[in-house]
Amino acid sequence: MRSFKSRYAVLFGFGALVLSLSFLVRTALLIWALPQSGLHISDIPAIYGKGFIYDLGVALFFTIAYAAYLLLLPQRINNTRFNRIFTYVGFFLATMILVFSFFAEFTFWGEYAGRFDFIAVDYLIYTYEVIENINESYPLPLLIGGVLLFTALLTWLTARRGIFRNSFQSHTPFSKRLLTFLLLLGVLLLHVFLVSNTWAEKSKNRYAQELSKTGVYSFVSAFLNNELAYDKYYLMEDEDNNFHQLRTRLQEPGSQYLENGRSIYRNITDTAATAMPNIMMVTIESFSADFMDRFGNTQHITPVLDSIAKQSILFTNLYATGTRTVRGMEALSLAVPPTPGQSIVRRKNNENLFTIGHIFEQAGYESTFFYGGDGYFDNMNKYFGNNGYDIVDHKNPNNLVEDNIATTRTSIPKSDIQFENAWGICDEDIYTAAIKSADQKYAAGKQFYDFIMTTSNHRPFTYPAGKIDIASGSSREGAVKYTDYAIGEFLKKISTKPWFKNTIVIFVADHCASSAGKNEIEISKYHIPCILYNVPGQAHREITQMCSQIDIYPTLLGLLHWTYKSKLYGENVLDSAYQPRAMVSTYQKLGYLEPGKLLILSPQQKAQCFSWNATKNEQHPAAMDSSLLKNSLAYYQTAYYLFKNNGMKQ
């Protein structure tokens, strides 16, 4: 081709390399996904057709600056040592970034079955945890060496084909260079204005959507759209109508609204004798319901949790609101529906909110957030510390950034740590810290509410040796079994404590182990367990009504017969007026679930309705259900409104 014999030979050679490698990556991911994807032959042309457009965009974004350089480079400098060094080094670095991103795509797909998204953007920000995680999960020297070696090979092959020589020895007139640059710039601008990452999401199959995308393109898109304005991108209803609908839904016996209009501030009154136990909530990292025998697992990796589930109050039909730890924290600390984009835990203006901790603080409790890693990660310390929780975490000595928080932060001493990995100390060690804190508060005559976040059930799945019969770092199943083992040891220790009889322990997941599935929102991948253990005066029971993470505390406070003020969206599931529903979301898709029905709100003011067979886990498009739509807008739109207008503040 004439283009490969002009000054632009290297540019077009690199573009061809981008398209070729992207094709190979897409094909490999397609083969990987096929067994569980539900894809059909008819999906393939769109996957590769759309994929080519995204790949072309990446090639243009990578090369447009170099195209401008070639346009302005004088002919007399074209074959000088300066230009040769500049071109070789630039080609090598750009290719290295490309190759590394492709390697990273495979590891990201293995964890999330998707292209880069907001999670990848977060990982770029919190480099220490991520680099350590990669180092512990994969042979990092071999990985880096492989990237460098493969990059060098591609550079050598490109040079061997004479592409560099053709560029250096060419005599391309300025007029042709200008025309080439303008053509490339024009195509790039068309791509910017006509193509968005949402174009890939037209397919009804989630795997088809993700395979159509390109990792680098998706990463940039996620970076630029970290928070989505509900009132700009989503279907809207009259605000007053929404609040009227929501207030009607949240009205229950014993509740009375304290403000009119756009507010859900209310007083919950119970006339029975109030119980005031201590509360320790263990939020288990990435713990799907189907890890437990109770929900059909046959590997017997959760004997402790399965045993205590038979003695406790067990939620059997409860769903996480999202797919990230910070989303679970949002639901468990604020009891609000998810809003599009990042969790409130990660957002600005998230201090002095009306949290669960605030309710306990009003009742005289001391609230503490326990985390096995450095709580700087994901903005956890800043969020909890500026919402009334003391902090106990494992400070990373390499982290020079200090969160400005209003409460006390205590670092777990090295003497209390038997094992740690990239994400923090093992579960046994975080429980030791929580027990030590409980002993101190009990001795001081204080009641306590603890939010304990575990880390062991997370890649690289490493834990102390000799605890269970599965080798550390070998599998997710091993991490789950160790997580369960650590819970057993925790319960053995606290059962001997004088404060145990008056202490409820909640075991709940932050989210499932994965969210991948053939549907946009794979409902089964949001199903999590929740166990209320040692509730005073309560025998074993199973709560079978469909509900959400946001309903746990309203239900518990109902069981304890509390009278309290509330700005919570969660409801007492055991109340006779309760209507089963749950909220399930991704960063962009907002799902509203009722028995047998699912409605998904998405950008560009779209709403789609589906029938849902829970037994078969099947979703099928259905006619729009106006009642379902009204309820979904009432929850999601008002939650966005209240946060943006300080309606969630204390």
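The questions below concern a sheet and the cavities of a predicted model.

User: How are residues numbered, and what pLDDT do local features need?
Analyst: Numbering starts from 1 along each chain as its sequence is written, and side-chain values use heavy atoms, with hydrogens and water left out. In this predicted model side-chain atom pairs count only at pLDDT 80 or more, totals for chains, interfaces and linings use all residues, and local features need pLDDT of at least 70.

User: Which residue in E18 stands opposite Tyr592?
Analyst: Strands E17 (residues 590-594) and E18 (residues 597-602) run antiparallel and are joined by five bridges. Opposite Tyr592 stands Leu599.

User: What is the volume of the largest cavity?
Analyst: A cavity is a set of points on a 1 Å grid over the protein atoms alone where a 1.4 Å probe fits but cannot get out; lining residues have an atom within 4 Å of a point. Grid points are joined across faces, edges and corners, and a volume is the space filled by probe spheres set on the points. The largest cavity is lined by 23 residues, with Tyr112, Glu285, Thr325, His458 and His511 nearest its centre. Its volume is about 290 Å³.

How values were computed. Two strands pair if DSSP finds at least two bridges between them. Helices (H or I, at least four residues) and strands (E, at least two) are DSSP runs, numbered from the N terminus. On a 1 Å grid over the protein atoms alone, a cavity is a set of points where a 1.4 Å probe fits but cannot get out, and a pocket is an open set with protein on both sides within 12 Å along at least five of seven lines; lining residues have an atom within 4 Å of a point.
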